[in-house]
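Hi there,

Here is the structure I promised to pass on. Have a look at it, and my notes follow below.

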Amino acid sequence: MSQFRLSRRPDIGDKVRVSFEFFPPKSDDMEARLWDTVKRLEPLRPSFVSVTYGAGGSTRERTARTVRRILTETSLSPAAHLTCVDASREQSDAVIADFLTMGVKRFVALRGDPAEGVGSHYRPHPHGYSNGAELVAALAAQGAQDISVSAYPEKHPESPDFATDIEMLKRKVDNGATRAITQFFFDNDVYERYVERARRAGIYIPIVPGILPVHSFTAVANFASRCGAHVPAWLAERFDGLQGDPQTHALVAAAVAAEQVLDLVERGVGDFHFYTMNRADLAFAICHMIGIRATEEVPMVSASAA
């Protein structure tokens, strides 16, 4: 498909479920932004919220602190990200046990990116879990029952072909994964073809679209080029000339993401995972446009969260 059309039905908000992804703060200012974002999005009643690891597991302790705070200070259900990077099996098992003791019931199990970042060569820890499928098995062995994993509608950049990529997803499912969340994409036909491939391979867990609001088209395009996500020409045209106009850029970004979600709803999709980048403005606007309403008065967003 070339692009989507915005056409909201009034009952869509009652049929759609959303979840949000946050990353742990690296400074006091970033912590203030994160908590502005959490409190603004909490009244939308997401199914869950997830808290990421940095590249190479660099934010492992901050992830745990953030998850604990969400668990104790909000009504939200947090999912803790886990990766295999730079950790032995013993260390990974201890982290899993700590989260379970904390009361965390949801997990997102990922192989993870190397410390050098996306695009660098991945080297497993010599005594660690080698991939996401092995990490899922470790979670399941300790009693975790809600385990999300990654999926790649345009193929993981390190996979030689789609068959290999789908086989890895099947291994994750066979080991206990209960949900897949996709890498972001902008062409819904790509997502639909991927789901069809997965179903033909006997994979029947939910495959939830990962939606990335375009906070900065330049940044998103650069990241997409490194992780193998295609940026359609029509999308580039939408943002052409808006580099110095952040207000119009935000309006266009909200409309584009809402159009994408509504088109997927028309195709039968009911669950969506938003990569918030710890910013509430676009995620909240998109949810409002697709019919999801807050259950209480929403805190005003501060300048630090804009």
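**What I found**

Lys 155 is partly exposed, with a relative accessible area of 21%; buried here means under 20% relative accessible area, exposed over 50%, and partly exposed in between (1.4 Å probe, protein chains only). Before going further, please keep in mind that this is a predicted model, where local features need pLDDT of at least 70, side-chain atom pairs count only at pLDDT 80 or more, and totals for chains, interfaces and linings use all residues. Residues are numbered from 1 along each chain as its sequence is written, and side-chain values use heavy atoms, with hydrogens and water left out.

Back to Lys 155: this residue sits in the loop between strand E5 (146-151) and helix H5 (162-174). Helices (H or I, at least four residues) and strands (E, at least two) are DSSP runs, numbered from the N terminus. Lys 155 has a positive phi of about 75°, although it is not a glycine. Most residues other than glycine have a negative phi. Asn 278 is also a non-glycine residue with a positive phi, of about 60°. Asn 278 belongs to the loop between strand E9 (271-275) and helix H10 (280-289), and it is buried, with a relative accessible area of 1%.

On confidence, the protein chain averages a pLDDT (the predictor's confidence in each residue, from 0 to 100) of 88, and 86% of the residues score at least 70. Over residues 302-306 the pLDDT is below 50, and this stretch has 13 contacts in the model beyond near neighbours in sequence. A contact means heavy atoms within 4.5 Å.

Now the sheet. It is open, has nine strands with parallel pairing, and runs in the order E7-E6-E5-E4-E3-E2-E1-E9-E8. Strands E7 (207-208) and E8 (210-211) stand at the edges with a single partner strand each, so one side of each is left without a neighbour in the sheet. Two strands pair if DSSP finds at least two bridges between them. Strand E3 (residues 78-83) and strand E4 (residues 106-110) pair in the parallel sense over five bridges, and Thr 83 stands opposite Leu 110 in E4.

What does Ser 50 touch, once residues up to four places away in sequence are not counted? The list is Phe 20, Glu 21, Phe 22, Ala 79, His 81, Val 108 and His 273. Ser 50 is in strand E2 (residues 49-51) and counts as buried at 1% relative accessibility. Its side chain makes a polar contact with the side chain of His 81 (3.3 Å). A polar contact is a pair of N or O atoms within 3.5 Å; within protein, one must be able to donate a hydrogen and the other to accept it, and residues adjacent in sequence count only if both atoms are side-chain atoms.

Among the helices, H1 (residues 28-41) has 14 residues and reaches 20 Å from its first C-alpha to its last, close to the 20 Å expected at 1.5 Å a residue; the expected span is 1.5 Å times one less than the number of residues. The buried residues of H1 are Leu 34, Trp 35, Thr 37, Val 38, Arg 40 and Leu 41. In helix H9 (residues 246-266) you will find Ala 258, which is buried at a relative accessible area of 0%.

Lastly, the cysteines. With a disulfide taken as a pair of cysteine sulfur atoms within 2.5 Å, the count comes to zero disulfides. Cys 227 is buried, with a relative accessible area of 5%, and Cys 287 is buried, with 0%.

Best wishes
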